[in-house]
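Let's go through a structure together, one feature at a time. Have a look at it first, then ask away.

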Amino acid sequence: MVFIAKLILVLLMLFMVYNLMRALITMLRNDPTKPPMTRYLGRRVGASVLAIIIIVLLLASGLLEPNPRPY
């Protein structure tokens, strides 16, 4: 279960990087016939929110253990 959750988180991170690069390309080209840059940035923010929710749920369920305190 933890492996699958970590795999989903890695895929979400790759999705975020992909959308960030698409937003950069869209911003540089400035083509009015293509989707706006905010579309890709919104997808990236949505993926970030989903990743945070998954991490919080895993921490709350005890499947994922945070690092111990250093002191």
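**Reading the surface and the helices**

Q: Which element does Leu 50 lie in?
A: Leu 50 lies in helix 2. Helices here are DSSP runs of H or I with at least four residues, numbered from the N terminus. Before we go on: this is a predicted model, where local features need pLDDT of at least 70 and side-chain atom pairs count only at pLDDT 80 or more, while totals for chains, interfaces and linings use all residues. Residues are numbered from 1 along each chain as its sequence is written, and side-chain values use heavy atoms, leaving out hydrogens and water.

Q: Is Thr 26 buried or exposed?
A: Buried means under 20% relative accessible area, exposed over 50%, and partly exposed in between (1.4 Å probe, protein chains only). Thr 26, in helix 1, counts as buried because its relative accessibility is 17%. Leu 50 is partly exposed at 42%.

Q: What lies 2.8 Å from a polar atom of the Thr 26 side chain?
A: That's the backbone oxygen of Arg 22.

Q: Which residues gather in the patch of positive charge?
A: Patch residues have over 30% relative accessible area and no salt bridge, and like charges are joined within 9 Å. A salt bridge is a side-chain nitrogen of Lys or Arg within 4 Å of a carboxyl oxygen of Asp or Glu. Here the patch holds Arg 22, Arg 29, Lys 34, Arg 39 and Arg 43. Helix 1 (2–29) and helix 2 (37–61) each give two or more residues to it.

Q: Where is Lys 34?
A: Lys 34 sits in the loop between helix 1 and helix 2, and it is exposed, at 51%.

Methods: Patches are made of residues with over 30% relative accessible area and no salt bridge: like charges are joined within 9 Å, nonpolar side chains (Val, Leu, Ile, Met, Phe, Trp, Tyr) within 5 Å. Accessible areas come from the Shrake-Rupley method with a 1.4 Å probe; for residues, only the protein chains shown count as cover. Lys and Arg count as positive and Asp and Glu as negative; His and the chain ends are not counted. The place of a charge is taken as NZ of Lys, CZ of Arg, CG of Asp or CD of Glu. A polar contact is a pair of N or O atoms within 3.5 Å; within protein, one must be able to donate a hydrogen and the other to accept it, and residues adjacent in sequence count only if both atoms are side-chain atoms.
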